[in-house]
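Hello,

Here is the structure we spoke about. Please look through it first, then read the notes below.

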Amino acid sequence: MKHGLPDLESAIAAIDLSDYQTVDWSRVQHSAYLIHQHLRYEYPGPIQNLQQRLMILPPQQHGDQRLVDYRLTVTNPSVETTYRVDDFGNTEITICVPSVEHSIDFEAWILVERLAAAGPYYLSIRDLATPQYSKPSRLTHPDETLYEIAARFKADGKQEIELAHQINTWVYQTMSYAHEVTGIHTTAAEALALKQGVCQDYAHIMVTLCRLCALPARYVSGHLLGEGGTHAWVEVLLPVDEDPEVALVVPLDPTHGRPAGFNYVTVAMGNDYFDVAPMSGTYYAAYSGQLSTRKRVGLAMYTYMDTAPDKGNVRVLADTAGEFPIE
């Protein structure tokens with residue numbers, strides 16, 4: 001492994017050692033994260049032709065984040081697994097199983113690293129040609145209220161990165177975090193009318209307002225240390241005066257009203273939640289299955305910017321475990 005990273009087996013063995021909250025994130029220059037996800041479907045009886053889509057594997061490279069290693073296991077011996085990169089650059093895993101008697105388990109161990117020295121993240125304009133990051137999607141279609149709010153932002157006169165931060169702060173201050181008042185089909189307009197929701201709703205509202213203010217933006221699904229479920233935030237794509245062929249990627253988290261920093265792990269990007277849902281699929285049977293999930297994200301290693309190379313200062317830590325709600 002590069003940069004003194006532990007191998008995947010060593011990282012797994014170290015997952016319960018300490019508390020990530022002792023880290024001074026402003027000084028971290030290099031870090032590695034271990035993600036463990038266990039997904040289990042149970043059925044009342046046999047099912048046929050299971051077609052499962054998983055969006056749980058981070059991209060090979062995303063700015064300063066790099067996929068180091070991973071393991072994916074499925075309990076059914078006759079599984080057929082296909083990997084492909086979708087139009088957004090996400091790794092989509094399709095799992096086909098002819099039949100399942102009563103249950104099936106998917107288990108993934110993923111090791112990623114982040115390196116602060118990589119600097120700002122720029123995206124080629126050509127990479128933005130297919131995704132429609134400036135247009136409404138199913139969950140980010142604006143209503144009259146959102147149009148009016150966007151008009152107020154534009155009238156205020158702020159531009160580009162200042163405007164992106166202003167929208168991020170406004171969503172954070174306007175919304176109240178609440179479970180079980182919204183669902184995966186809730187639109188940005190509906191969530192704003194309630195002024196309540198979860199991170200998915202915050203992200204949809206911010207994406208909608210950014211697009212209305214001529215700021216291309218995309219929905220991001222991933223992990224935040226200390227949270228049990230999948231987290232969502234926004235990447236705003238800003239023009240670069242010195243180079244019109246690239247866009248500056250600015251990650252912002254409206255749920256917490258701050259930039260998405262070094263303690264975030266990106267898994268997938270898209271127009272809205274439907275593009276990046278961690279799990280979806282179909283099967284043939286006359287009954288529904290029961291899904292149970294577990295997720296743990298651990299900090300496997302970090303070094304500080306002001307640490308002398310001969311001292312190392314490599315620490316192995318892990319954060320709290322939690323249920324992993326697949327919606």
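**Salt bridges**

Arg-27 is partly exposed, with 29% relative accessibility (buried means under 20% relative accessible area, exposed over 50%, and partly exposed in between, with a 1.4 Å probe and protein chains only). Its salt-bridge partner is Asp-24, at 4.0 Å from N to O (a salt bridge is a side-chain nitrogen of Lys or Arg within 4 Å of a carboxyl oxygen of Asp or Glu). Asp-24 is also partly exposed, at 30%.

Before going on: this is a predicted model, in which local features need pLDDT of at least 70 and side-chain atom pairs count only at pLDDT 80 or more, while totals for chains, interfaces and linings use all residues. Residues are numbered from 1 along each chain as its sequence is written, and side-chain values use heavy atoms, with hydrogens and water left out.

The structure holds 10 salt bridges. In one of them, Arg-66 and Glu-113 have their closest N and O atoms 2.6 Å apart. Arg-66 is in strand β4 (residues 65–74) and Glu-113 is in strand β7 (residues 103–115), so this pair ties together parts 47 residues apart in sequence (helices, H or I with at least four residues, and strands, E with at least two, are DSSP runs numbered from the N terminus). Arg-66 is partly exposed at 22%, whereas Glu-113 is buried at 4%.

Arg-218 and Glu-235 form another salt bridge, with 2.7 Å between the closest N and O atoms. Both Arg-218 and Glu-235 are buried. A network of salt bridges links Arg-40, Glu-42 and Asp-105.

**Nonpolar cores**

The largest nonpolar core has 39 residues, and Ile-167, Ile-205, Leu-209 and Val-236 have the most contacts inside it (such a core is a set of buried Ala, Val, Leu, Ile, Met, Phe, Trp, Tyr and Cys residues joined through side-chain atoms within 4.5 Å). Helix α5 (residues 199–212) gives the most to this core, nine residues. Another core, of 32 residues, lies apart from it and includes Tyr-41 and Met-279.

**A buried glutamine**

Gln-52 is in strand β2 (residues 47–54) and is buried, at 3% relative accessible area. Its side chain reaches the backbone oxygen of Ser-280 at 3.1 Å.

**Cysteines**

How many disulfides does a search of the whole structure find? It finds zero (a disulfide is a pair of cysteine sulfur atoms within 2.5 Å). For Cys-210, the nearest cysteine sulfur is that of Cys-213, 7.1 Å away. Cys-210 is buried, with a relative accessible area of 0%.

Regards

Notes:
Polar contact = N/O pair within 3.5 Å; in protein donor to acceptor, adjacent residues only side chain to side chain.
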